[in-house]
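Open the model in your viewer and keep the selection panel at hand.

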Amino acid sequence: MTQSAPERVIAPGGGVAGTTRRGQAVKFTVLFALAVLFLLPMYVLIVTGFKPFAEATAAGAWSLPQVWSVEGWVTAWEALAPGMYNSVMVAVPSAVISATLGSMNGFVMARWRFPGADTVFTLFLFGMFIPYQAVMIPLQQMLVSANLMGGVLPLILAHTVYGIPICTLIFRNYYASIPQTLIEAARVDGAGMLRTYASVVLPVSAPAFAVTLIWQFTSAWNDFLFAVFLTGPNSWPVTVQLNNVAGSMVVPYNQQMAAAILASLPTLIVYLVLGRYFMRGLMAGALKG
Amino acid sequence: MSNSHNPSGVAHRDPGRTTAPARPNRFRRALNRARTWLPGLLLVSPSILLIGVFVYGMIGWNTRLALSDKHAPVQDGDFVGLVNFVALWQEARWPAAVGNAIVFTVVFVGGALFMGWLLGLLLDKGVRGEAVFRTLFLAPMAVSFIATGVVWRWLMNPAPAERATGLNALFVHFNLDFLVNDWWTAPDLGMAAMALPAIWQLAGYIMALFLAGFRGVPEDLREAARVDGCSEWGVYRHVVMPQLRPVLLSAIIILGHMSLKVFDLIIAIAGQQIIADVPAVYMWAMVFEVRDPAKGATIASYLLFAVAVFVIPYLVWTVRKERSEGR
């Protein structure tokens, strides 16, 4: 997609509805109101998270804390730290592996096709849309009989494998923009496939790696479904622990909200810092290069 | 000659086929060509193997389970045909879960499409602070459904007016008591409330899709319509919107397939309360509590089927269209 600034071509007659001053003001007001609505949950999270235990009750639920306290954050961190660690141990390796595989696949499917490559690609893509429930029971059974259950390995495996389709798609679309003449030139110079890949394609792949790594990291970090099926208490990632914290009726709201923010911080930071690449991943998810 | 000269990537039909060329020649040419593409196939083969086993193999295994009577983990399970598929409809829980998923899907897909379209439309022509708005509306996409669920469960707390929290408390505060409601615990349309957090989370994504679509419409097309006397709204109605059908289709596919398998959000907000039951939660309960693999697999098969019915035509259509556009 094109992220360039909108073309502000004003019609010769000027004064079309969308561009008049009043139109602008109305649009801005509506957007502002919607933004406030969208921010409500964030307000609740932050305000409640900073309340001391005594204040995190129904009365005055929407008011600012009288005393700003980090008590909720401290306990939330204690509860979530092991899960945060597990999530890092899952999200990082699976992002790296599936991005690497995706890069290789994308290169072949865009620039070094074999007969039937399109069929294989379509079959891959379907893997992106399947409800993972449809593979979950056999996957679990297989991992149990292979004696692999227990650590974070099952989760790494799952996120890696089921991340291959989207990574392949992103890289394939990206490599399709590399001029075929560059590839041909390398071929004429006698470079084989691996050589071409390593010397022509890989050096320009950084943006696509950024997109896939971010996408994979985010989806592995935010995953809950694979986690509940494939991990036990010692290897629960942060989403499962957050759900446990929040799901028990005895945990006060200040801790719940602080925990929700803590669990979301890594992906939110990635989004705010590398938003451009995050966006591109989202667009690729819609099958749009 | 190398296959890569062919932009469509489809293997060449040998033009000399009918004129019966010398056999060794043809063989050698095929061999040469294979030498070109074979390394590519080899490079992809680890992924083909993984996808083959973990996507298609597992789907096959799951289907076999669903067609068996393996109702306890230790049983062997014999083939029983579609018995499990029929039996599900005869109980109370399954049709209710399907009904909930349908209500959720309608409200979620409709709501997210409308919100996303509205936001995209408002941002399309550029407005002060556009980048800030965009970043803000899209931010929920970076967060897990579990975190979303934690805060929305608080917001949608169904406690009645006098000890209300969350949005109900806000309504009471602003004297909007008539808005106070039971949210997702309402017996009939509770699932419509359940869709609110999902709309909040996905609207920004749909906005981004529409925005990309709007801006992909060439300015001279809009210009031409204006010269023909179209109002700005008319330009959208008659020029821009018709161009956005592919975007709309992608958006519906994405939202629809997420919606049918919704799981995390429900668990985070309602746990396993039966009032908010959906097929994915039911399946989870079958695996972990009832420990009935065949029944779990049957539910999973229905989920897969529901998604496949519209995703497969979409994928085939997309890849074909790409081909015909010569990519």
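Select A:Gly281, which sits in helix H12 (residues 275-285) of chain A. Helices here are DSSP runs of H or I with at least four residues, strands are E runs of at least two, and both are numbered from the N terminus. The model is predicted, so local features need pLDDT of at least 70 and side-chain atom pairs count only at pLDDT 80 or more, while totals for chains, interfaces and linings use all residues. Residues are numbered from 1 along each chain as its sequence is written, and chains are lettered from A and ligands numbered from 1 in the order in which they are written.

**Stop 1: around A:Gly281**

Is A:Gly281 buried or exposed? A:Gly281 is buried, because 22 other C-beta atoms lie within 10 Å. The cut-off for buried is 20 or more other C-beta atoms within 10 Å of a residue's own, exposed means 12 or fewer, and partly exposed is in between, with C-beta atoms placed from the backbone. Now show A:Ile170, A:Val211, A:Ile214 and A:Trp215, which A:Gly281 touches when residues up to four places away in sequence are not counted. Contact means that the C-beta atoms of two residues, placed from the backbone, lie within 7 Å. For a distance check, pick A:Trp112: its C-alpha atom is 23 Å from that of A:Gly281, and the two are 169 residues apart along the chain.

Among the buried ones are A:Tyr277, A:Phe278, A:Met279 and A:Arg280. Colour their packing partners next: helix H5 (153-175), helix H8 (206-222) and helix H11 (253-273) of chain A, together with H7 of chain B.

**Stop 2: A:Ser145**

Go to A:Ser145, in helix H4 (residues 133-145) of chain A. A:Ser145 is exposed, with 9 other C-beta atoms within 10 Å. Draw a line from its C-alpha atom to that of A:Ala185, 40 residues apart along the chain, and the separation is 50 Å.

**Stop 3**

Select helix H10 (residues 238-247) of chain A, which is mostly covered, with 8 of its 10 residues buried. The cover on those buried residues includes helix H2 (71-111), H8, helix H9 (225-230) and H11 of chain A, as well as helix H5 (145-155) and helix H11 (264-270) of chain B.

Within H10(A), A:Leu242 is one of the buried residues. Leaving out residues up to four places away in sequence, A:Leu242 touches A:Leu80, A:Ala259, A:Ala260, A:Ala263, B:Ile146, B:Ala147 and B:Val150.

Which residues have the most contacts inside the largest nonpolar core? They are A:Leu242 and B:Ile266, in a core of 185 residues. Such a core is a set of buried Ala, Val, Leu, Ile, Met, Phe, Trp, Tyr and Cys residues joined through C-beta atoms within 7 Å. Helix H7 (residues 190-216) of chain B gives the most to this core, with 18 residues. The core lies between domain 1 (1-49) and domain 2 (71-283) of chain A, because both give residues to it.

**Stop 4: the two domains of chain A**

Colour these two domains separately; their bounds come from an automatic or database domain assignment. Their centres, taken over C-alpha atoms, are 33 Å apart. In the contact between them, 6 residues of domain 1 of chain A meet 10 residues of domain 2 of chain A.

Now show chain A as a whole, with 12 helices and 0 strands. Chain A is more spread out than a compact globule, because its radius of gyration is 24 Å, well over the 19 Å that the globule rule gives for 289 residues. That radius is taken over C-alpha atoms, and the rule is 2.2 Å times the number of residues to the power 0.38. Along its principal axes the C-alpha trace spans about 75 × 75 × 30 Å.

**Stop 5: the two chains together**

Bring chain B back: 89 of its residues are in contact with 88 residues of chain A. On the chain B side, helix H1 (residues 23-66) gives the largest share, 18 residues.

Finish by colouring chain B by pLDDT, the predictor's confidence in each residue from 0 to 100. The mean for chain B is 86, and 91% of its residues reach 70 or more. Over residues 1-18 of chain B the pLDDT is below 50. For the complex, the predictor gives an ipTM of 0.88 and a pTM of 0.87.
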